[in-house]
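Hello,

Here is the structure for you to take over. Please open it first, then read the notes below.

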Amino acid sequence: MASKVFFSKEITPEKVVELYRLAGKELEGRVAIKVHSGEEGNQNFLRPEFWKPMIEYVRGTVVECNTAYEGSRNTTEKHLETLEKHGWSKCFAVDLMDGEGPDLELPIPNGKKIRKNYVGKNIKNYDSMLVLSHFKGHPMGGYGGAIKQLSIGVASSMGKAYIHGVGDINDFWNSDHDSFLESMADAASSVIEYFKGNLVYVNVMKNMSVDCDCCAVAEDPCMGDIGILVSLDPVAIDQACLDLVYASDDPGRGHLIERIESRNGVHTIEAAAELGYGSREYELIEA
């Protein structure tokens, strides 16, 4: 069955809220709002001001987790400073979910490569999650979207290393690449199961560099902005974003496609669909 993906070429904070309402699911209870806080020095991440109307609409808490590599966000102290510098904690209530251990272990009984996922223990404080993703390229995953936000994004610092190493935290950089992509799909499934489907996904195709917002030194965007997408299906929304890139006539699309294909980025979507928590078949509804 095709999933609904709502789409607009108009990229404004107000349009995000409009598409969220069209998706038809009001997140209730204590809402965790997963954002990318942006590595210090990165010029492409989406700022708090852009997300402000959406965050205020659901009256949630901005959540993040520490990174597993050197930078401005790999310790709680540094990450809190970055959240302040980038305006997140000035604008919103912010929760660094793995700021204090121990991590929470989520089971993945049917995982392709990993059978558990480590997330920030403060996830227990929330009933639902709004996943706000900046769609762009990624040095390792090929692209970054909803599935990456669910997996690497929600994982604790150790959990990130566990996913990258396909179960071996000491093999961060040298694990089999497709196995790493499948591990991301596995980890995302555990977060979906944890929230029992109480999730909504927003992907914004703006400032699309081949590099992630986790890069302190990132290439400038290589192609023009495309739009906003909202869905209840993380697989469908990521597939729709890839399809929009391929369908674009922007002269810079080839650079982004090369990044996606050279890292076999679509395999994350393939693995996620095989795990059964989303569909690659979708209906794109323009609004």
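**Aromatic rings**

Tyr-194 is partly exposed, at 28% relative accessibility. Phe-195 is buried, at 2%. Please keep in mind that this is a predicted model.

There are seven aromatic pairs in the structure. One of them joins Trp-88 and Phe-92. Their ring centres are 6.3 Å apart, with 40° between the planes, and the pair is tilted. Trp-88 is buried, with a relative accessible area of 0%. Phe-92 is buried as well, at 10% relative accessibility. Tyr-194 and Phe-195 have ring centres 5.2 Å apart. Their planes stand at 90°, so this pair is edge-to-face.

**A charge over a ring**

Look at Arg-47 next. Its charged end sits over the ring of Phe-45, 3.8 Å from the ring centre.

**Backbone in the loops**

Which peptide bond is cis, with omega near 0°? The bond from Gly-101 to Pro-102. Pro-102 lies in the loop between strand E4 (94–96) and strand E5 (104–107).

Two residues to check for phi come next. Arg-59 is not a glycine, yet its phi is positive, about 50°. Arg-59 is in the loop between helix H2 (48–58) and strand E3 (61–64). Is Arg-59 buried or exposed? Arg-59 counts as exposed because its relative accessibility is 72% and exposed means over 50%.

Asn-264 also has a positive phi, near 55°, and is a residue other than glycine. Asn-264 sits in the loop between helix H9 (253–262) and helix H10 (266–275). Asn-264 is partly exposed, with a relative accessible area of 29%.

Best wishes

Key: Residues numbered from 1 in each chain as written. Predicted model: local features only at pLDDT ≥ 70, side-chain atom pairs only at ≥ 80, totals over all residues. Heavy atoms only, no water. Helix = DSSP H or I, 4+ residues; strand = E, 2+ residues; numbered from the N terminus. Buried < 20%, exposed > 50% of the residue type's maximum accessible area, 1.4 Å probe, protein only. Phe/Tyr/Trp six-rings, centres within 6.5 Å; stacked < 30°, edge-to-face > 60°. Lys NZ or Arg CZ within 6 Å of the ring centre and 35° of its normal.
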